[in-house]
Every structure is written in C-alpha cells, then in structure tokens.
Amino acid sequence: IIDYVYENGDRKFNELNFNVLDNAVFSAFSYIPFELFEKQNSAFKPKKLSELCLDFFAWINLNYLVEHFPDWLRRSIFLAMAMFRRKRYANCLVTDFSFEFSEKESTQFGALNILIEDGTASVVFRGTDNSILGWKEDFNLACYEAVRGQINARKFLKNMMNEFPDKRFRIMGHSKGGNLAVYSACLLPKTKMDRIIRIYSNDGPGLNENVFNSEGHDLIQDKITHIIVGEDVVGRLLCHEKAEYVVKSAPEKDYVMQHDIYNWHVDDLSFVKLERISPESKFITDCVNIWLKESMPDSKVRERLVQSIFEAEEKTGVDEVGTILKNPKKFILDFLRHTNGIDKQDRKLMTKAFMDLIMTMVKNYPSYLKDKSEYANKQKTEVKKETEMSLSEVK
C-alpha cells in the first residue's frame, strides 16, 4: 500500500476515485499513536493530514521506537512519509480524533473522521494496537453482545453523521477496526444508513449472533466489503459476511504476519486476489467457531475463561504484544507456570476448554485432510495448464 501511495499520490480524488486501496491506506494510518502527541476527543482541533504527519515526525524518538514500536507499527512512519506531500492525501482534513484506553473498562479505542476533496467523509476505526489490553477486548468480542469499543464506535459514527449532515460516508477499519465499522453501521437509523457509500472490514472478526441476524445488519449487508487473507485466522471468526475476496499476503504459512495490512500484495489499483483461503486456515477458524458454538455456548462461561486467561497473563508481567512476539516460547512457558497461581475452579475451566478445542480439532481433522488433498490436486492441475499454455505460446 505504500507503493500505491507513491505511484498514485499525485492524483487527486477527483482524478482517481476512492478505491479499496485508499481504504487500506486510511485504515493503516489510524494506527499511528496520535494520542501521544495530539489532543483528543472534544479537545482535538481539525488539522490537515499533512500537519498530523509533521507532528508525528516531530514527536517520534529512537527510544520509543526501540521499546514500544514493533516492526509492523514502524512501517507507519514510512506510510506517513509517503502521504505527507502527496496531494491526494496532504490536504485531507482530519476533523475529529476520538480515543479511549481504559483498564477498568477493558477498552482500547481510536477513531478518525477524514474529509476528502470528493465531498465525502471517511470514518476510520483503529484495530488492535500493541497493548495486551487491546487483545483482551478482542477476546471479549466472543463474550458480549457489545463491548465498550463497539459502543464508542456507534456513538462516534452517529456524532460524525450529525456533525456533517450533508456528507455521504465511507466507514472502514482493519482487524478489530473492521468489526467496529460493521457494528457501528448496523445500529444506525435507516435514514443515516442511506448516506453510507461503502463499509470496509479489512480482515475484521465477525459479530455477535444477535447483531449479525438483526434487521440493521440485513439493511447494510450489500454495502459491506469484507476482505480476508490467504492464511486467515481473524476475518472468519464469529458470525461474518461472506468474504468479497481473499487477498494474497506474505510470508507464506505465517498467520500473524499475513494479517498485517502492510504485507497485502497490491497490483495497480486493487489487491492481488486468491481463489480461496488455505486448507489450514479454514480448518483452524472452522474449529474455533464450532468450539465456541458447541462447547462454549454460555457467554458467562466464555467471560470467565477470558478473565482466567488474562489473569494468568497479567502475572507474567508482559503488557505489550511485541514482547510476546519477540520470544513466544518464553512467554508460553511463563504463562503455563502462572496458571498454577489462579483460582482452582478457573484453572479447571481453562483446562476443560482447551481439551474441548483439541477434541473439536481431532473430530474435524478428516475433513481437513480431504480439503487439503483436493486443494493440492487443483493447484497441480492449474500449474499443468499454465505450463501447457506457455509451451503452446513458445511453439
């Protein structure tokens, strides 16, 4: 997407219409930690996007980069550098920045409203950041009909639509931000839904079953672009829309890094598309969804399980995801050691839950092997066809 900005950044929105890659650019841009150098919520004053980039460059320092910025967030520096003087983005007006980070409410939330020169507004919801708190909120999506971040998203979108009654809106976000985009749009009054141009969920997890089956979701379903990646373990969780397409990402067989929007392959004005997700990805996400529905149907049990997991995690002293990714083996050993220190009943619940998940995977393993075989055979057939066509062209 940074290549896309460099190649098309001098074409204004009235020269090149807003497209799916602009959605990805704005979604990635929202991860910049504006709360550390800008005022927020009602104290925020509108600024051009180029001014926000300049403030970011002026604020950033080496110590913060080394200690708190994992590799996937460091690329936001290069994205800001690419956007800074490109006329497509530089004069976009960021009118609002909403932020909340609360241990008490288990909330990590960020949102921007961006006005662009085609006369429309883009509401962009931030996904999960580098904090453990953000990941805890992600787990809570499976426990509650609405978490605090979703409530904040609904309020923010409604406020923006009231503040700019003459604007039509695009709503977007990556990962949890995609979930917030869909959720907030579901709960709008129908008159406001009519002002939505498009909703983008970039590998975002699905919704609670009640919200997914609601009238509001039915009304906006045709406006949702749900994108997942080849090795997907996020975008197919919970109740979700059918993916509009699967994006080629890198590196192969890396479920964490493929989720990173900076690794999604781009071709001209769109993403490089795959025919389907990998058999391994399908197996993992199908098993988790079945496990949640059949083994963990009670939301209170799910809630207790999440609390137990993060109680043990808290004892490890780790408060940033980047620390885990640097040495996952050490973290897992520390985590397992600290599970002995939690309540006996909670430990029993955790053990049973993980055993149920393993049994679900064992039960569905034959289906996975069949899918894997069919997938491999189809790939061989396609390679053979391509080889024959190339030989024919040579002749």
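The structure contains 18 salt bridges, a salt bridge being a side-chain nitrogen of Lys or Arg within 4 Å of a carboxyl oxygen of Asp or Glu. The model is predicted: local features need pLDDT of at least 70, side-chain atom pairs count only at pLDDT 80 or more, and totals for chains, interfaces and linings use all residues. Residues are numbered from 1 along each chain as its sequence is written, and side-chain values use heavy atoms, with hydrogens and water left out.

**Salt bridges**

- Lys47 and Glu38 form a salt bridge in which the closest N and O atoms are 3.1 Å apart.
- Glu38 is buried, at a relative accessible area of 9%, while Lys47 is partly exposed at 24%; buried means under 20% relative accessible area, exposed over 50%, and partly exposed in between (1.4 Å probe, protein chains only).
- Asp334 is joined to Arg337 by a salt bridge, with 3.1 Å between the closest N and O atoms.
- Asp334 and Arg337 are 3 residues apart in helix 16 (residues 328–338), so about one helical turn separates them; helices (H or I, at least four residues) and strands (E, at least two) are DSSP runs, numbered from the N terminus.
- Asp334 counts as buried because its relative accessibility is 16%.
- Glu38, Lys47 and Asp55 belong to one network of salt bridges that share partners.
- Asp286 and Arg236 also meet in a salt bridge, at 3.1 Å from N to O.
- This pair links distant parts of the chain, 50 residues apart: Asp286 is in helix 13 (residues 279–295), and Arg236 is in the loop between strand 7 (224–229) and strand 8 (245–247).

**Aromatic pairs**

- There are 21 aromatic pairs; rings of Phe, Tyr and Trp (its six-membered ring) pair if their centres lie within 6.5 Å, and planes under 30 degrees apart count as stacked, over 60 as edge-to-face and the rest as tilted.
- Phe26 and Tyr89 are an edge-to-face pair, 6.0 Å centre to centre with 80° between the planes.
- Phe26 lies in helix 2 (residues 20–29) and Tyr89 in the loop between helix 5 (71–84) and strand 2 (93–102), 63 residues apart.
- Phe26 and Tyr89 are both buried.
- A cluster linked by ring pairs includes Phe29, Phe34, Trp59 and Phe97.

**Charges over rings**

- The charged end of Arg88 sits over the ring of Phe13, 4.0 Å from its centre; this requires NZ of Lys or CZ of Arg within 6 Å of the ring centre and within 35 degrees of the ring normal.
- Lys273 is placed over the face of Tyr245, 4.5 Å from the ring centre.
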